[in-house]
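Here are my comments on the model, as numbered points. Please read them with the structure open.

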Amino acid sequence: MSACIIGRITVNDPQDYRAYATRTVALAENFGGRFLVKGGARVVVEGNCPDREATLAVCNSGAYRQILPLALSSRRRDPVIVGRT
């Protein structure tokens, strides 16, 4: 079963956010994930996403926790994990 993270993001510190955002692709890939859309205009996307467990593993990983302070200090966010349970 697939799961996706959708983040509605308002950047308020571009420099810190850039330091965070440049690490998220590799982090997702380490857990079997991939970005369908990253930045730019919002679009409707289709495709395979990592399963719910892998998605939660990224969010709970030490590697993500390490860069999370950059995310929290540099933007306002509303992340949502979508997928069937």
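1. Handedness first. Helices α1 and α3 cross in a left-handed sense. Please keep in mind that this is a predicted model.

2. Geometry of the pair. Helix α1 covers residues 14-30. Helix α3 covers residues 62-74. The two pack at an angle of about 145°. Their axes lie 8 Å apart.

3. Which residues make the contact between α1 and α3? On the α1 side they are D16, Y17, A19, Y20, R23, T24 and L27. On the α3 side they are A63, Y64, I67, L70, A71, S73 and S74. Sorted by class, the contact has 9 nonpolar, 3 polar and 2 charged residues.

4. The core. The largest nonpolar core has 10 residues. Y17, Y20, A21 and L27 belong to it, and so does V58. Y64, I67, L68, L70 and A71 complete the set. Helices α1 and α3 each supply at least two residues of this core. The largest share comes from α3, with 5 residues.

5. S74. Is S74 buried or exposed? S74 has a relative accessible area of 0%. The cut-off for buried is under 20%, so S74 counts as buried. S74 sits in helix α3, whose range is residues 62-74. Leaving out residues up to four places away in sequence, S74 touches T10, V11, N12, D13, D16 and Y17.

6. Y17. This residue deserves a look of its own. Y17 is a member of the largest nonpolar core.

7. The chain as a whole. There are 3 helices and 2 strands. From the N terminus on, the order is β-α-α-α-β. How many residues does the chain have, and what percentage of them count as buried? The chain has 85 residues, and 25% of them count as buried.

8. Contacts and surface. Take the contacts between residues at least 6 apart in sequence. Of these, 75% join residues at least 24 apart. The chain exposes about 5900 Å². Carbon and sulfur atoms supply 53% of that area.

Note on methods. Residues are numbered from 1 along each chain as its sequence is written. This is a predicted model: local features need pLDDT of at least 70, side-chain atom pairs count only at pLDDT 80 or more; totals for chains, interfaces and linings use all residues. Side-chain values use heavy atoms; hydrogens and water are left out. Helices (H or I, at least four residues) and strands (E, at least two) are DSSP runs, numbered from the N terminus. Buried means under 20% relative accessible area, exposed over 50%, partly exposed in between (1.4 Å probe, protein chains only). Contact means heavy atoms within 4.5 Å. Axes are lines fitted to C-alpha atoms, for helices over the stretch in contact, and angles run from 0 to 180 degrees between N-to-C directions. A crossing is left-handed if the near helix is turned anticlockwise from the far one by less than a right angle, and right-handed if clockwise. Ala, Val, Leu, Ile, Met, Phe, Trp, Tyr, Cys and Pro count as nonpolar, Asp, Glu, Lys and Arg as charged, and the others, Gly among them, as polar. A nonpolar core is a set of buried Ala, Val, Leu, Ile, Met, Phe, Trp, Tyr and Cys residues joined through side-chain atoms within 4.5 Å. Accessible areas come from the Shrake-Rupley method with a 1.4 Å probe; for residues, only the protein chains shown count as cover.
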